[in-house]
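Student: I have a structure open and would like to learn how to read it. Could you take me through some features, one at a time?

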Amino acid sequence: MTDFVLQHFNYWVVIFLMMIGMYTVISRGHLLKKVIGLNIFQTSVFILYISIGYIEGGTVPIVAGQVVGNTGDVVYANPLPHVLILTAIVVGVSTTALALALIIRIRDAYGTLEENDILKLDQDSDG
Amino acid sequence: MSDETQLIVIILLPLVVAPVCYVVPSPRVAWLLTLATATGCFLIAVQLLLAVLDGGGFSYHLGGWAPPVGIEYRLDVFAAFVLLVLTAIFLVCQLYAGSLTRKSGIKEIPLAIAPTFFAATLLCISGLMGIVVTGDVFNLFVFLEIASLATYAMISLGRQRRALTAAFQYLVLGTIGATFFLIGVGLLYAETGTLNMQEMSTLMPELVDRRTTFTGMTFVIIGLALKLAIFPLHLWLPNAYTEAPSVVTALLAGTSTKVAFYALVRMTVSVFGLETIADTPLPLILLIVGALAVIVTSAQAILQVNIKRILAYSSVAQIGYMVIGVGLLTVEGLTAGFVHLFNHALTKTGLFMAVGIMLLNTVDAKLPSVAGLGRRMPWTSAAVVITAFSLVGIPGTAGFISKWALLDAAMAQEAYFIVGVIVIGSLLACIYLLRLLDVMYFRAPEKVSDHMPAETLTVPFPMITALWVLAIACLWFGMFTEHSLSVAKLAATTIMGVQ
C-alpha cells in the first residue's frame with residue numbers, strides 16, 4: 001500500500017493540486033481568487049502530462065553526436081507531452097490574460113469584485 | 001486549388017484576415033473584408049461538400065508529415081456537412097452585422113470597437129472550423145480554446161455591464177470544460193500512445209477495459225458536455241446569450257453549440273467507437289439528460305420575461321433533442337440529431353436576429369416592450385412567426401422535419417418515453433412562443449411614451465435581408481427535404497461505419 005502511494009507520488013500531487021484548484025474556483029466569491037484557482041487547476045494538468053512523458057532511467061530527448069535512428073541503448077523520455085504542455089501553457093496564459101482584462105472592466109463597472117455584491121447590484125438595478 | 005489544399009485554406013483565411021481587420025481604421029472596410037472572407041469560406045465549404053459526396057473523405061497532412069506522426073486535417077461527410085452549416089450561418093451573420101457600420105448599429109456595438117468585433121468573429125469561426133476538420137485530438141483542444149477565447153471577448157461587448165459578468169462566468173466554466181477535455185486527452189494518450197483520431201479509434205477496442213481509458217473517456221465527454229451546455233451543465237448559456245449583443249448571440253446560437261455537439265459525436269461515435277460506448281452507461285445518460293433538458297429548460301423558458309432569455313433556455317432544450325438522437329445509437333437517431341443541428345441553426349439564428357432588429361425600436365428585450373410590434377414592424381414580425389413555427393415544429397417548416405425524424409427514430413427503438421418527451425417538449429415550446437406572438441400581435445402597447453423610443457428607426461437593409469434569408473430557408477428546408485435529410489443520413493452512416 002505504501003509502495004503504491006509512493007510510486008505514484010507525482011500523480012497524488014496532481015490530484016491534490018487539481019482538487020485545490022477546483023475547490024478555490026467553486027468556493028471563493030472573489031473573482032480574482034477564482035482566476036487563481038483556475039490557474040492552479042490548469043497547472044495540475046501540466047504536471048499530469050509531464051509525468052506521463054517520464055520514463056524510468058530515461059534521459060533528455062536530445063540526440064547528441066549520434067545519427068537519428070541509431071541511438072543504441074539510450075532510453076529517452078517522451079518529448080511529446082512536453083511539447084503539448086507548452087501549447088497548453090500558452091493557452092492558459094491567454095485565458096488568464098483575458099480573465100484579468102475582464103476583471104478590470106468588471107471592477108470599473110461595479111466597483112467590486114465580490115460575486116455576492118455584484119449579484120446584489122444586478123438585482124437592485126432590476127427593481 | 002486541390003481539395004486537400006482547400007481544407008487548410010478555409011481555416012487559414014479567417015485566421016489571416018482577423019489581424020488585418022483589427023488594424024484597419026474604418027469599420028466599413030473591416031466589415032467588407034469580413035464579408036468577403038465569409039463568402040470565400042462558404043464557397044470553399046460548398047466545394048468541399050461536393051467533393052466529399054463525389055469521392056469520399058480525404059485528408060491534408062500539415063507540413064507534409066504523414067499521420068500518425070504529423071497532424072492531419074480530415075474531412076468526411078459529417079465534417080463537410082457541419083462545415084457548410086457553419087460557414088453559411090457565419091456568412092448570413094456577417095451580412096446582418098453590416099448594420100454595425102451604420103448609425104443603427106450603435107445600439108449594439110460602439111462604432112469604434114466594431115473592427116475588434118469583426119476580428120473576434122473571424123478568430124472564432126476559424127477555431128470552430130478547425131475543430132470540425134482536425135483529425136488530431138490535441139489540435140481539437142487548441143482550436144476549442146481559440147474559438148472560446150474569441151467568444152468570451154465577443155460576449156463581453158454587450159451594452160450592459162452584466163455582459164462582463166456573463167462573459168466571466170462563461171470563461172471560468174468554459175476553461176474548466178476545456179481543461180477536463182485536456183485531462184481526458186492526456187489519459188487517453190497515456191494508454192494509446194497516439195493523438196491521431198483514426199489510430200486511436202483502431203487501438204480503442206483492446207484498451208477499453210482499462211480504468212485509465214475509461215477515466216479519460218469520461219473526462220473528455222464531461223469537458224465537451226460543458227462546452228455543449230448539456231443540461232445540467234448549461235448554467236453559463238442563458239446569461240451569455242442574453243447579455244451578448246444580438247449579432248453575437250445569433251452567431252453563437254448557430255455555430256458554437258453546434259460545433260461542440262459535433263466534437264462530442266466525433267469523439268464518442270468515431271474515436272471511442274460505437275461498440276465501446278454501447279457497453280458504457282453513456283447512451284442511457286445521454287437519453288436521460290436529453291429528456292431532462294427538453295422538459296426542464298422548456299418549462300424554465302416559459303417563466304422568463306426577457307425574450308432573449310426565453311430563446312436561450314429554448315436553445316438548451318434543443319440541444320437536448322440532438323443529444324437524444326445520439327443516445328438512441330442508431331443511424332436514424334444520429335440522422336435526426338444531425339438534421340436538427342442544421343434546422344435549429346437556421347431557426348435559432350433567425351430568431352435571435354429578429355430580436356436584434358426589434359431591439360432597434362424598443363427600449364429593451366422584455367416581453368411587454370414588444371407589445372403591438374406586429375403592426376409597427378410587419379416584416380420583422382412575419383419572419384418571427386415563421387421561425388417560431390419552425391422552432392415549435394409546425395408542419396411545413398424545417399423544425400418539423402427534424403422532430404419528425406427524431407420521433408421516427410425513437411419509435412423504431414420502441415423508446416416511447418422519448419416519444420412522450422418530444423411531444424411534451426413541443427407543447428411547452430408552443431406555450432413560450434405563443435406568448436411572444438400573442439404580445440407582439442394582440443396586445444396594444446401599454447404606455448406608449450414609456451415603451452417606444454420617439455423616432456422609429458428604419459431597419460437597415462442588410463439586417464432584414466439576413467433575417468429573411470433564414471426565414472425562407474426555414475420554409476424551404478421544411479418542404480424540400482431531400483438534400484438536408486440525405487446528406488445527414490449519409491453523414492450518420494459513414495460515421496457509424498455501417499452501410
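Tutor: Let us begin with contacts: two residues are in contact if their C-beta atoms, placed from the backbone, lie within 7 Å. In chain A, residues 24 or more positions apart account for 51% of the contacts with a separation of 6 or more. This is a predicted model, in which local features need pLDDT of at least 70 and side-chain atom pairs count only at pLDDT 80 or more, while totals for chains, interfaces and linings use all residues. Residues are numbered from 1 along each chain as its sequence is written, with chains lettered from A and ligands numbered from 1 in the order in which they are written.

Student: How many helices and strands does chain A have?

Tutor: Helices (H or I, at least four residues) and strands (E, at least two) are DSSP runs, numbered from the N terminus. Chain A has 5 helices and 0 strands. Its C-alpha trace spans about 75 × 40 × 15 Å along the principal axes.

Student: Which residues of chain A and chain B are in contact, by number?

Tutor: The count is 25 residues of chain A with 23 residues of chain B. On the chain A side, α3 (31–53), α4 (80–110) and α5 (115–126) each supply at least two residues, and α4(A) gives the most, with 13 residues. By class, that side has 18 nonpolar, 4 polar and 3 charged residues; here Ala, Val, Leu, Ile, Met, Phe, Trp, Tyr, Cys and Pro count as nonpolar, Asp, Glu, Lys and Arg as charged, and the others, Gly among them, as polar.

Student: How do I describe two packed helices?

Tutor: Two packed helices are described by the angle between their axes and the distance between the axes. Axes are lines fitted to C-alpha atoms, for helices over the stretch in contact, and angles run from 0 to 180 degrees between N-to-C directions. In chain B, the axes of α3 (residues 77–96) and α20 (residues 461–479) come within 7 Å and cross at roughly 150°. That makes α3(B) roughly antiparallel to α20(B) (angles under 35 degrees count as roughly parallel, over 145 as roughly antiparallel, 65 to 115 as roughly perpendicular and the rest as oblique). Val92(B), Leu95(B) and Tyr96(B) in α3(B) meet residues of α20(B), including Pro462(B) and Leu470(B).

Student: What does Leu86(B) touch?

Tutor: Leaving out residues up to four places away in sequence, Leu86(B) touches Ile125(B), Leu128(B), Met129(B), Val132(B), Thr255(B) and Val259(B).
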